[in-house]
Amino acid sequence: MSATRYRRFLKLCEEWPKDETKKGRDLGTFLRQRVASAFREGENTQISDPEKCDQMYESLAQINGNIYRQRFPRVRDTSFTGVTVEECRLLLSGTMQNTDEEKKGLWKSLMQRFSSKSPEDIPEKPAEK
């Protein structure tokens, strides 16, 4: 029976998308590492709690199949911050660390969304002596 579970998890790992922009922080990479550590002996691995293993597989398969996205469609593709999906991907990818001007521009735009004062009205920190 563990051979069947092992094959199901391997198939899930193959289907799970890998996000190249999130090196070292990708959920697909983490999932592959967890499956490798949980099934060290491959098909011969003895599973201590088969029910929990099956439940975990079903949950991951539902996430991978976008079951909840289809069941609960979103009206808009933004979050409570008003940041679009593409802006969010850009922020999470780590590519925003390129220049200080890009950081400053994004910071100002986020401050404008959440603050009643404009970023120009907020005093800069004085230089320490």
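I looked for aromatic pairs and found that the structure holds three; rings of Phe, Tyr and Trp (its six-membered ring) pair if their centres lie within 6.5 Å, with planes under 30 degrees apart counted as stacked, over 60 as edge-to-face and the rest as tilted. Phe 9 and Phe 39 form a tilted pair, 5.6 Å centre to centre with 45° between the planes. This pair links distant parts of the chain, 30 residues apart: Phe 9 is in helix α1 (residues 2-15) and Phe 39 in the loop between α2 and α3. Helices are DSSP runs (H or I, at least four residues), numbered from the N terminus.

The model is predicted, with pLDDT of at least 70 needed for local features and 80 or more for side-chain atom pairs, while totals for chains, interfaces and linings use all residues. Residues are numbered from 1 along each chain as its sequence is written, and side-chain values use heavy atoms, without hydrogens and water.

I noted that Phe 9 and Phe 39 are both buried (under 20% relative accessible area, 1.4 Å probe, protein chains only). The rings of Phe 9 and Tyr 57 are edge-to-face, because their planes stand at 75°, with centres 5.5 Å apart. Tyr 57 lies in helix α3, 48 residues from Phe 9. Tyr 6, Phe 9, Phe 39 and Tyr 57 form one aromatic cluster.

I then turned to Thr 45, in the loop between α2 (27-38) and α3 (50-64). Thr 45 is buried, at 9% relative accessible area. Its side chain reaches the backbone oxygen of Gly 42 at 2.9 Å.

Definitions and conventions. Helices (H or I, at least four residues) and strands (E, at least two) are DSSP runs, numbered from the N terminus. Buried means under 20% relative accessible area, exposed over 50%, partly exposed in between (1.4 Å probe, protein chains only). A polar contact is a pair of N or O atoms within 3.5 Å; within protein, one must be able to donate a hydrogen and the other to accept it, and residues adjacent in sequence count only if both atoms are side-chain atoms.
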